[in-house]
Amino acid sequence: MGKVQGGMKCVKYLLFVFNFIFWVSGLLVLAVGLWLRLDPHTVKLLTGDDAPYTFFIAVYILLGAGALMMIVGFFGCFGAIRESQCLLASFFACLVIIFGAEITAGVFGFLNKEQISDEVQKFYSSSLIDDNPNVTAIVSSFHQTLNCCGVSIPERGSTPLCADVPDDTPGCLEAIVDFFNEKLHIIGYIGIGIAGVMIIGMIFSMVLCCAIRNSREVI
């Protein structure tokens with residue numbers, strides 16, 4: 001069985017290093033997904049019988065992609081060291097699938113950014129006029145988490161829960177939009193960085209796979 005030589009050996013070890021970085025990136029994606037899913041602030045705002053679920057759909061896609069990235073990164077390292085065409089081709093195919101999944105999650109999140117904010121705003125507004133003690137606790141969670149109170153500053157006087165808040169406290173509808181913009185920007189920046197890493201990995205894996213095939217044909 002022929003081994004790659006010269007510059008291709010360098011590509012082989014670069015691909016190994018890339019796959020290790022890719023594995024760490026998968027761990028990072030998984031960590032961000034778990035943070036978004038388990039973050040006490042997010043959980044407080046998005047739990048309840050009538051709470052919107054759109055935000056968590058994108059989070060679950062992110063969790064799945066992160067776990068898959070870790071598995072693929074492990075097998076990519078093994079394929080590079082063993083110079084296995086089969087594993088490298090499978091690695092390339094998995095990268096394409098993961099790339100598509102992350103693009104889907106990112107597009108879904110950004111296209112539905114306003115819908116997510118609108119659903120949470122409606123949930124807050126409807127909870128604000130409900131006298132149920134459990135719902136009142138949810139409203140209080142919004143106020144504590146977002147440092148806001150009432151639908152808006154002009155309408156705050158009609159909200160008993162906002163009787164003692166400072167005048168410069170923002171309305172919760174505006175605070176909800178700012179909250180989700182911040183979360184989605186974090187996801188977006190990480191996604192762009194990982195997409196660039198994946199493109200490099202696809203190029204390296206195909207170059208090495210072709211080099212392995214050519215070295216075996218020579219022998």
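Cys-210 counts as partly exposed, with a relative accessibility of 33%, where partly exposed covers the range between buried (under 20% relative accessible area) and exposed (over 50%), computed with a 1.4 Å probe and protein chains only. Cys-210 lies in helix H7, helices being DSSP runs of H or I with at least four residues and strands runs of E with at least two, numbered from the N terminus. Cys-210 and Ala-89 are separated by 121 residues in sequence, and their C-alpha atoms are 10.0 Å apart in space.

The model is predicted, so that local features need pLDDT of at least 70 and side-chain atom pairs count only at pLDDT 80 or more, whereas totals for chains, interfaces and linings use all residues. Residues are numbered from 1 along each chain as its sequence is written, and side-chain values use heavy atoms, with hydrogens and water left out.

**The chain as a whole**

The chain has seven helices and zero strands, and its elements run α-α-α-α-α-α-α from the N terminus on. Of its 219 residues, 42% are buried. The chain exposes about 11,700 Å², of which carbon and sulfur atoms supply 67%; these areas come from the Shrake-Rupley method with a 1.4 Å probe, and for residues only the protein chains shown count as cover. Among contacts (heavy atoms within 4.5 Å) between residues at least 6 apart in sequence, 71% join residues at least 24 apart.

Helix H4, residues 85-111, has 27 residues and reaches 39 Å from its first C-alpha to its last, close to the 39 Å expected at 1.5 Å a residue; the expected span is 1.5 Å times one less than the number of residues. Buried residues in H4 include Leu-88, Phe-91, Leu-95 and Glu-102. Leu-88 and Phe-91 are in turn among the residues in contact with Ser-205, together with Leu-15 and Phe-92, when neighbours of Ser-205 within four places in sequence are left aside. Ser-205 is placed in helix H7 and is buried, with a relative accessible area of 0%. A polar atom of the Ser-205 side chain lies 2.9 Å from the backbone oxygen of Met-202.

**Cavity and pocket**

On a 1 Å grid over the protein atoms alone, a cavity is a set of points where a 1.4 Å probe fits but cannot get out, while a pocket is an open set with protein on both sides within 12 Å along at least five of seven lines; lining residues have an atom within 4 Å of a point. There is one cavity of 30 Å³ or more, and the largest cavity has a volume of about 100 Å³. Eleven residues line the largest cavity, and those closest to its centre are Ala-58, Ala-105, Gly-109, Leu-184 and Ile-187. Helices H3 (54-82), H4 and H7 each supply at least two residues of that lining.

The largest pocket has a volume of about 260 Å³. Its lining has 17 residues, of which Glu-102, Gly-106, Ile-187, Gly-191 and Ile-192 are the closest to its centre. Helices H1 (7-38), H4 and H7 each supply at least two residues of the pocket lining.

His-143 is located in helix H6, residues 133-146, and is buried, with a relative accessible area of 12%. The side chains of His-143 and Tyr-124 make a polar contact at 2.7 Å, a polar contact being a pair of N or O atoms within 3.5 Å in which, within protein, one must be able to donate a hydrogen and the other to accept it, and residues adjacent in sequence count only if both atoms are side-chain atoms. Not counting residues up to four places away in sequence, His-143 touches several cysteines, including Cys-148, Cys-149, Cys-162 and Cys-172.

Leu-146 is also placed in helix H6 and is buried, with a relative accessible area of 12%. Asn-147 belongs to the loop between H6 and helix H7 (172-218), where it is exposed, with a relative accessible area of 55%. Although Asn-147 is not a glycine, it has a positive phi of about 50 degrees.

**Pairs separated in sequence**

Arg-37, in helix H1, counts as partly exposed at 25% relative accessibility.

| Pair | Separation in sequence | C-alpha to C-alpha distance |
|---|---|---|
| Arg-37 and Tyr-60 | 23 residues | 8.2 Å |
| Leu-146 and Gly-171 | 25 residues | 9.5 Å |

Terms used:
Grid points are joined across faces, edges and corners, and a volume is the space filled by probe spheres set on the points.
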